[in-house]
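Trainee: Could you walk me through this structure, one step at a time? I would like to learn how to read it.

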Amino acid sequence: MSITLTPAALARVQRFLADAPDAIGLRFGAKKTGCSGWQHFADLATDERAGDSVYEDGGVKIYVDMLSLPQVDGTRIDVVKHRLGDQFMFRNPNANAECGCGESFTTSADLA
């Protein structure tokens with residue numbers, strides 16, 4: 001599997017990278033938090049770390065740490081209009097449930 005970007009997400013990440021000369025790509029993953037257990041995060045990557053899996057989509061490198069990979073592998077990152085702005089939306093095939101506010105998710109591994 002891999003991490004992919006929709007055309008809208010690709011364009012947005014490319015704009016961020018153009019404004020950040022130290023950035024080498026996108027760092028994406030999940031961290032333990034929230035009411036359901038995991039929360040996605042996305043930030044600019046400034047370095048490749050030991051254990052990172054590196055994907056490339058549209059010329060953008062996406063760095064995922066080894067602890068996050070089981071939770072986010074296969075995710076498609078999109079950008080959606082939300083009120084007066086845009087925000088990233090994560091279409092994660094590993095998420096079987098979300099908390100009521102939509103900020104965190106649970107995987108089947110969490111239920112086992």
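This is a predicted model: local features need pLDDT of at least 70, side-chain atom pairs count only at pLDDT 80 or more; totals for chains, interfaces and linings use all residues.

Trainee: What is the order of the strands in the open sheet of three strands?

Mentor: Residues are numbered from 1 along each chain as its sequence is written, and side-chain values use heavy atoms, leaving out hydrogens and water. Helices (H or I, at least four residues) and strands (E, at least two) are DSSP runs numbered from the N terminus, and two strands pair if DSSP finds at least two bridges between them. Here the pairing is mixed, and the order is E1-E6-E7.

Trainee: Which strands are at the edges?

Mentor: Look for strands that pair on one side only. Those are strand E1 (4-5) and strand E7 (85-91).

Trainee: In which sense do E1 and E6 pair, parallel or antiparallel?

Mentor: Strands of a sheet pair through backbone hydrogen bonds, in one sense or the other. Leu 5 has Ile 77 as its bridge partner in E6, and Thr 4 stands opposite Arg 76 in E6. Over two bridges, E1 and strand E6 (residues 76-82) pair in the sense called parallel.

Trainee: Over how many bridges do E6 and E7 pair?

Mentor: In E7, Asp 86 is the bridge partner of Lys 81. The hairpin of E6 and E7 has two residues between the strands, and Arg 83 takes a positive phi near 55 degrees there. The pairing of E6 and E7 is antiparallel, and the number of bridges is seven.

Trainee: At about what angle does helix H1 run to E6?

Mentor: Axes are lines fitted to C-alpha atoms, for helices over the stretch in contact (heavy atoms within 4.5 Å). Angles run from 0 to 180 degrees between N-to-C directions. Helix H1 (residues 7-18) lies across E1, E6 and E7, and its angle to E6 is about 85 degrees.

Trainee: How many of the five residues of E5 are buried?

Mentor: Buried means under 20% relative accessible area, exposed over 50%, and partly exposed in between (1.4 Å probe, protein chains only). Strand E5 (residues 60-64) pairs with strand E2 (residues 25-33) in the parallel sense over two bridges, and with strand E4 (residues 53-57) in the antiparallel sense over five bridges. E5 is mostly covered, and its buried residues number four.

Trainee: What is the centre to centre distance of Phe 88 and Phe 90?

Mentor: Rings of Phe, Tyr and Trp (its six-membered ring) pair if their centres lie within 6.5 Å; planes under 30 degrees apart count as stacked, over 60 as edge-to-face and the rest as tilted. Phe 28, Phe 88 and Phe 90 form one aromatic cluster. Phe 88 and Phe 90 are stacked, with 20 degrees between the planes and a centre to centre distance of 6.5 Å.
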